[in-house]
Amino acid sequence: MTGPYLAGVDIGGTKITVSLANFKGISVKVFQEVRLEGSHTAIPEQVDFLLEYACEQIGVQPDDIMATGVSSCGPFVKEDGIIQLAAPNLCGGLAKDRNIISNNWTRIPLEAVLSGRWSTLKIENDAVAAVKAERLFGACRGEDNVVYVTWSTGIGGGAYVDGRLIHGKNGNAPHIGHIYLVEDGPQCGCGNFGDMESLVSGVAIARDYGGGRTAEDVFRAFRSGEGKANEIISRALRNFARGLASINAILDTEVFVIGGSVFMNNIDILLPGIEEEFYRSFPILSADVDIRPSLLGAYLGDMAALSLVMPEDWIKKWQDNRPWTHAPLPVILDKQGFN
Ligand SMILES: [Zn+2]
């Protein structure tokens, strides 16, 4: 064993990934579908189990983990300063579509359950953690004014302003998927009508096309020159760019870093269209802003979680050696049993 170790936990709407790293790099990754049944402590207990399982894989005691970073889908609420998840894609009690999520949770006591067990726990919204990782290791190293935006199943954001990572009262700033863009638009999973996520997310693109097609199917149709797909994707990218322009009007940023599967799989289509629309907005505000793809890409989830707790004296070594690019393949655990 070459300690000490850090733990990173990435909680998404469909899966949880846990990774353990020492100063040399990532030693083990464990992946499991997220459990959405049982008590409202099911997810923190699953995280606890996966952390222990990962420790066992490399012969490390849980007490030897010096810090644990958790990057989670949100939004968060705080009760007496303690972070709880109130995410509609995990909590059936908040979800619009009860058929997909069968539980009736409205809050998940993530910090309360994990903090007793895992020392130096740091929990952030996944897009907030992502901007930290991209600023340390990715597309916006050293930039003081930068906004990360994920374009995926949903839309999320995280931002540095004047070199400070912004949080807001519950750690949800800037939750840009839910800024309003149009009147009488479609309904978002959050309940809003016509917000950015309801108009441009992967779910929205698939919904607008219909016929049970996925967003990736729509992009394929776009590439083959189909008019309907062209119309839907062109509208989505115009609305996405307008969302960026609105955020920029508030934050006066220098760099947007864009990630997420919808964007990263279709950079060639989306980036030129976003730029065209974005720079059309008020030039005094938009002209000097750079729009860049995520550099961490497929490694962003792990690196977001680990970046939250990475010691200063590891960072330079990781920047130089980029050890995340040769992380081991994840151990994939069955959803039902514990292994
Ligand atoms: Zn919304």
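Let's start with overall size. For 339 residues, a compact globule would have a radius of gyration near 20 Å, and this chain has 20 Å, so the two agree. That radius is taken over C-alpha atoms, and the globule rule is 2.2 Å times the number of residues to the power 0.38. The C-alpha atoms fill a box of roughly 55 × 45 × 45 Å along the principal axes.

A word on the source. This is a predicted model: local features need pLDDT of at least 70, side-chain atom pairs count only at pLDDT 80 or more, and totals for chains, interfaces and linings use all residues. Numbering runs from 1 along each chain as its sequence is written.

Now the chain as a whole. It has twelve helices and 13 strands. These are DSSP runs, numbered from the N terminus: helices are H or I with at least four residues, strands are E with at least two. Of the 339 residues, 45% count as buried, meaning 20 or more other C-beta atoms within 10 Å of the residue's own, with C-beta atoms placed from the backbone. Take the contacts with a separation of 6 or more: 63% of them link residues 24 or more positions apart. A contact here means C-beta atoms, placed from the backbone, within 7 Å.

Next, the domains. Domain 1 covers 5-126 + 302-333, and domain 2 covers 139-294. Those bounds come from an automatic or database domain assignment. The domain centres, over C-alpha atoms, are 25 Å apart.

How do they touch? 13 residues of domain 1 are in contact with ten of domain 2. On the domain 1 side, β5 (76-79) and β7 (121-125) are the elements giving two or more residues. The largest share, three residues, comes from β5. By type, that side has five nonpolar, four polar and four charged residues. Nonpolar means Ala, Val, Leu, Ile, Met, Phe, Trp, Tyr, Cys and Pro; charged means Asp, Glu, Lys and Arg; the others, Gly among them, are polar.

Last, a sheet. Five strands form an open sheet in the order β10-β9-β8-β11-β12, with mixed pairing. Two strands pair if DSSP finds at least two bridges between them. The edges are β10 (164-165) and β12 (290-293), each pairing on one side only. Strand β11 (residues 255-259) runs parallel to β12, joined by four bridges. There, Val 257 stands opposite Arg 292 in β12.

Helix α3 (residues 126-137) packs on this sheet, touching β8 (146-151), β9 (155-161), β10 and β11. Helix α7 (residues 227-251) packs on the sheet too, touching β8, β9 and β11.

Conventions
Two residues are in contact if their C-beta atoms, placed from the backbone, lie within 7 Å. Axes are lines fitted to C-alpha atoms, for helices over the stretch in contact, and angles run from 0 to 180 degrees between N-to-C directions. A residue is buried if 20 or more other C-beta atoms lie within 10 Å of its own, exposed if 12 or fewer, and partly exposed in between; C-beta atoms are placed from the backbone.
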